[in-house]
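Subject: Structure for your review, with notes on its salt bridges

Dear colleague,

I am handing over the structure below, and I would be grateful if you could look through it alongside the notes that come after it.

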Amino acid sequence: MNKVSILKASKLADREPAYAIVGEVDLVVVRFDQEISVFYGRCLHRGALMSDGYVDGDNLICGVHYWDYRLDSGVSEYNNKEALPKFQCWVKN
């Protein structure tokens with residue numbers, strides 16, 4: 001696996017979804033408290049960009065049809081059988 005730098009952690013606002021792309025894959029990056037999650041960036045429902053959504057409590061919410069995904073795991077709180085794929089990430093000092 002090749003490591004790819006996508007964003008500076010210092011530029012991530014708490015609970016504000018940020019867009020990134022690696023190759024041709026859209027990603028959404030979310031900082032919540034001291035944690036950072038990187039997920040597949042398209043809603044599983046209709047393919048909307050998750051970076052255009054918002055955070056409500058512990059969930060990343062799609063801005064189009066309001067589908068929800070947990071910030072820590074990507075699993076939908078509404079339907080636990082659905083989950084945004086989560087990618088490994090790290091912060092380099």
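Predicted model: local features only at pLDDT ≥ 70, side-chain atom pairs only at ≥ 80, totals over all residues.

Residues are numbered from 1 along each chain as its sequence is written, and side-chain values use heavy atoms, with hydrogens and water left out.

Taking a salt bridge as a side-chain nitrogen of Lys or Arg within 4 Å of a carboxyl oxygen of Asp or Glu, the count comes to five. Asp14, Arg15 and Asp33 are linked in a network of these contacts: the closest N and O atoms are 2.7 Å apart for Asp14 and Arg15, and 3.1 Å apart for Arg15 and Asp33. The latter pair links distant parts of the chain, 18 residues apart, with Arg15 in the segment before β1 (18-22) and Asp33 in the loop between β2 (25-32) and β3 (35-40); strands here are DSSP runs (E, at least two residues), numbered from the N terminus.

Arg42 and Asp26 also form a salt bridge, at 2.9 Å from N to O. Arg42 lies in the loop between β3 and β4 (54-56) and Asp26 in strand β2, so this pair ties together parts that are 16 residues apart in sequence.

As for exposure (buried means under 20% relative accessible area, exposed over 50%, partly exposed in between, with a 1.4 Å probe and protein chains only), Asp26 is buried at 12%, whereas Arg42 is partly exposed at 26%.

Best regards

Key: Helix = DSSP H or I, 4+ residues; strand = E, 2+ residues; numbered from the N terminus.
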